Amino acid sequence: MTDECVTRNYGVGILSSNGAANRGSIIMADNTDAKGCTPEAVVVGGATAASASPLPANKFVARMPVDRYASEYNMNHKHRGLALIFNHEYFDIPSLKSRTGTNVDSQELKKAFENLGFAVTVHKDCKLRDILKHVEKAAEQDHTDNDCLAVAILSHGEHGYLYAKDTQYKLDNIWHYFTATFCPSLAGKPKLFFIQACQGDRLDGGITLEKGVTETDGESSTSYKIPIHADFLFSYSTIPGYFSWRNINNGSWYMQSLIRELNANGKKYDMLTLLTFVNQRVALDFESNVPATPMMDRQKQIPCLTSMLTRILRFSEKPNGNKAG
């Protein structure tokens with residue numbers, strides 16, 4: 001099975017010079033069946049990737065960023081926060097093809113994050129050891145004056161694993177650094193992860209729908225305890241077990257849709273509403289076009305998310321006289 005296919009884009013504004021929709025561009029699936037990679041407990045510097053030891057959660061006290069029953073996150077800190085983009089194009093693993101088109105995703109996502117006020121750093125083709133160093137460095141910073149954190153990973157993936165340049169790893173090797181015990185200054189603040197990667201090798205043939213067939217001030221200012229894993233959100237380009245499609249000219253279906261939605265509505269809609277419309281864009285505007293390979297032809301894709309957010313998240317404009325804390 002090849003991972004190079006042709007895409008159909010419906011109504012997403014990708015036009016040729018004569019105004020016709022581009023139907024001849026090559027896309028690729030962000031999956032792999034690589035064998036012989038490092039086991040799940042990846043050894044980094046003589047210790048496993050998740051070997052750092054936080055203090056017990058019941059010994060931690062962190063600053064309250066918003067009242068206990070506030071309906072929205074406090075997005076009026078001095079800074080929006082950090083955004084890390086891990087962009088993978090080339091790999092040391094022989095069975096992994098290069099991810100042509102990922103640089104378009106990375107560049108446009110960086111602009112979208114910056115438009116929302118993030119301080120963005122892009123890390124290209126990192127080995128796992130370097131990814132963990134960058135993540136640990138970010139987690140060690142003082143985020144007291146920041147609203148939130150965003151991390152985007154653009155890579156190959158399969159069945160619960162993502163790929164660094166040199167090996168596979170699980171996402172929790174990354175996000176555990178930002179739990180409340182490791183990074184208290186982000187406690188009670190949103191931590192957002194956007195994952196562009198396959199989660200398997202299954203295909204979604206879709207179904208045709210035809211007409212007629214369808215059926216901050218509050219009362220509670222005392223201290224309170226929250227779970228250390230609260231306030232995370234994970235947005236995946238596809239559902240578990242399935243391909244994720246990437247266009248070598250325009251970028252991945254999911255990232256194209258996420259970037260357009262962030263640019264158009266990032267300061268208008270709350271995050272869950274915004275990601276619902278990302279799902280809509282991917283589901284309705286894209287379809288593979290590979291008539292020479294029938295099993296890969298006319299395939300669809302649907303992103304999914306896991307939310308542990310406890311409040312509404314909205315990237316509203318910051319008012320004058322921002323306050324920290």
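Author: Gladly! Keep in mind that this is a predicted model. Let's begin with Asp125, whose relative accessibility is 16%.

Reader: Why is Asp125 called buried?

Author: Buried means under 20% relative accessible area. Asp125 has 16%, so Asp125 counts as buried. You will find Asp125 in the loop between β6 and α2 (128-140).

Reader: What is noted about the phi of Asp125?

Author: Asp125 has a positive phi, about 50°, although Asp125 is not a glycine. Asp231 also has a positive phi, of about 70°, and is not a glycine either. Asp231 sits in the loop between β11 and β12.

Reader: How do you know whether Asp231 is buried or exposed?

Author: Use the cut-off again: under 20% is buried. Asp231 has a relative accessibility of 2%, so Asp231 is buried.

Reader: And what makes Thr310 partly exposed?

Author: Partly exposed covers what lies between buried, under 20%, and exposed, over 50%. Thr310 has a relative accessible area of 49%, so the label is partly exposed. Thr310 belongs to the segment after β16.

Reader: Why is Val282 called buried?

Author: Val282 has a relative accessible area of 0%, and the cut-off is under 20%, so Val282 is buried. Its place is in helix α5 (residues 271-285). Leaving out residues up to four places away in sequence, Val282 touches Trp253, Tyr254, Ser257, Gln301 and Pro303. Ser237 is 45 residues away in sequence, with 9.0 Å between its C-alpha and that of Val282.

Reader: Let's turn to strands. In what order do the six strands of the open sheet come?

Author: The order is β6-β5-β7-β11-β12-β16, and the pairing is mixed. From one strand to the next, the twist averages 10°.

Reader: What makes β6 and β16 edge strands?

Author: β6 (119-124) and β16 (304-307) each pair on one side only.

Reader: How do you know that β11 and β12 pair?

Author: Two strands pair if there are at least two bridges between them. β11 (residues 191-196) and β12 (residues 232-236) have five bridges, so they pair, and they do so in the parallel sense. One link to look for is Ile195, whose bridge partner in β12 is Tyr236.

Reader: How many bridges join β7 to β11?

Author: Six bridges join them, and these strands run parallel. Leu149 stands opposite Lys191 in β11.

Reader: Why is β11 described as mostly covered?

Author: Six of its six residues are buried. Lys191, Phe193 and Ile195 point one way, while Leu192, Phe194 and Gln196 point the other way. In a regular strand, side chains alternate between the two faces of the sheet.

Reader: Which strands does helix α1 lie across?

Author: Helix α1 (residues 102-115) lies across β5 (79-87), β6, β7 (146-154) and β11, and runs at about 180° to β5.

Reader: Last one: which classes of residue line the largest cavity?

Author: Its lining has six nonpolar, two polar and three charged residues. Among the lining residues are Arg202, Asp204, Tyr242, Trp245 and Gln301; Gln301 is also one of the residues that Val282 touches.

Notes: Residues numbered from 1 in each chain as written. Predicted model: local features only at pLDDT ≥ 70, side-chain atom pairs only at ≥ 80, totals over all residues. Heavy atoms only, no water. 1 Å grid on protein atoms, 1.4 Å probe; cavity = no way out; pocket = protein on both sides within 12 Å on 5 of 7 lines; lining within 4 Å. Nonpolar A, V, L, I, M, F, W, Y, C, P; charged D, E, K, R; others polar. Helix = DSSP H or I, 4+ residues; strand = E, 2+ residues; numbered from the N terminus. Axes fitted to C-alpha atoms, helices over the stretch in contact; angles between N-to-C directions. Contact = heavy atoms within 4.5 Å. Buried < 20%, exposed > 50% of the residue type's maximum accessible area, 1.4 Å probe, protein only.
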